[in-house]
Amino acid sequence: MGFQLEDKYFNFDNYNIVIFGGNSGFGLEILKAFSRYNNKIIIVGRDQKKINKALKEVKKINKNKKIISLKANLTNEKTVKTLFNKFKTKKINKIDILINCIGINKRNNIENLSFQDWQEVININLNISFLISKYSLNFLKKSNKARMINFTSIFSTVSFEGRTPYASSKGGLLLLTKTLALEWAKYNITVNSISPGPFLTELNLPVLNNKKNYREFCKNIPMGRFGNPEEIITSVMFLSSARSTYVTGSNIMVDGGWTSK
Ligand SMILES: NC(=O)c1ccc[n+]([C@@H]2O[C@H](COP(=O)([O-])OP(=O)(O)OC[C@H]3O[C@@H](n4cnc5c(N)ncnc54)[C@H](OP(=O)(O)O)[C@@H]3O)[C@@H](O)[C@H]2O)c1
């Protein structure tokens with residue numbers, strides 16, 4: 001009985017799912033989770049080697065699973081537009097779940113950051129998210145259970161020294177999410193965000209590779225440790241579920257308690 005209930009609420013068979021950043025970190029974990037179902041998944045990433053590695057990981061879980069992978073370095077409107085045009089050539093006209101896991105970080109105090117550093121982070125984390133949203137709308141509208149999930153961060157609501165561009169971009173992304181939730185409610189498209197605390201992914205290598213920095217970070221985490229990428233999956237499944245029809249404009253903190261202090 002318990003299993004049937006779970007199956008009904010969290011079944012992603014016959015879905016079209018697009019994962020921006022699906023070749024790495026959270027995106028890869030999400031790809032592995034959704035690959036267990038009979039669906040169509042597109043992943044987008046920059047690094048072909050990481051894409052190939054991600055596809056191998058999927059085969060370990062579901063050996064017959066075919067994933068559509070698109071290599072793209074999204075930096076401006078033209079690159080995003082070109083990417084969405086490619087969806088059509090792959091016979092993807094509808095998106096049921098769109099996960100936006102793209103992100104970069106440049107850590108330094110403002111006196112040591114160039115304006116170019118600032119612009120790069122704002123561009124990838126915020127401008128590209130705007131463009132992904134804009135160009136995905138017509139695809140999402142065709143679904144009767146459309147979900148968009150943006151990866152913000154705890155730094156969308158609190159901050160830390162050396163995070164001016166990152167925190168500013170994630171604060172912006174949080175409000176982009178909420179505004180789209182308002183605009184797209186009339187289409188029954190839900191738009192939510194997940195705000196992770198520090199996790200063991202590539203993005204955090206500069207912190208993980210510096211023992212002093214790592215210890216400093218752990219002091220802020222009530223659970224006293226970084227999260228494992230697989231600990232994000234339950235939140236993604238909850239927001240992605242066809243039954244999560246009335247959850248929109250929400251932000252789930254998955255941060256080991258950091259922002260509750
Ligand atoms: N890890 C954490 O502790 C943490 C905490 C809070 C929020 N987040 C957020 O969660 C999201 C995923 O982070 P992660 O930890 O999984 O990091 P990650 O492993 O570094 O993944 C980032 C992804 O973004 C892609 N990407 C970056 N710039 C791109 C571009 N210009 N065009 C296309 N793809 C691009 C990367 O592709 P390539 O690998 O091919 O370059 C990669 O797939 C990010 O938005 C991040 O800010 C992470």
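Modeller: In this predicted model, helices (H or I, at least four residues) and strands (E, at least two) are DSSP runs, numbered from the N terminus.

Biologist: In which strand is Asn-16 found?

Modeller: A strand here is a DSSP run of E with at least two residues. Residues 16–20 form such a strand, and Asn-16 belongs to it. The strand that holds Asn-16 is β1.

Biologist: Does Asn-16 count as buried or exposed?

Modeller: Buried means under 20% relative accessible area, and exposed means over 50%. Asn-16 has a relative accessibility of 14%, so the residue counts as buried.

Biologist: Which residue provides the backbone oxygen that the side chain of Asn-16 reaches?

Modeller: A polar contact requires a pair of N or O atoms within 3.5 Å. From the side chain of Asn-16, a backbone oxygen is reached at 2.9 Å. The residue that provides this oxygen is Lys-94.

Biologist: What is the phi of Asn-14?

Modeller: Most residues other than glycine have a negative phi. Asn-14, in the loop between α1 (2–9) and β1, has a positive value instead. Its phi is near 60°.

Biologist: Is Lys-91 buried or exposed?

Modeller: Lys-91 lies in the loop between α4 (77–89) and β4 (97–100), and its phi is positive, about 65°, although the residue is not a glycine. The cut-off for exposed is over 50% relative accessible area. With a relative accessible area of 66%, Lys-91 is therefore exposed.

Biologist: Which elements give two or more residues to the shell around the ligand?

Modeller: The ligand is surrounded by 30 residues, and the closest are Asn-23, Ser-24, Lys-50, Tyr-166 and Thr-201. By class, the shell has 13 nonpolar, 12 polar and five charged residues. The elements that give two or more residues to this shell are α2 (25–34) and α6 (164–184).

Technical notes:
Residues numbered from 1 in each chain as written. Predicted model: local features only at pLDDT ≥ 70, side-chain atom pairs only at ≥ 80, totals over all residues. Heavy atoms only, no water. Near = heavy atom within 4 Å. Nonpolar A, V, L, I, M, F, W, Y, C, P; charged D, E, K, R; others polar. Buried < 20%, exposed > 50% of the residue type's maximum accessible area, 1.4 Å probe, protein only. Polar contact = N/O pair within 3.5 Å; in protein donor to acceptor, adjacent residues only side chain to side chain.
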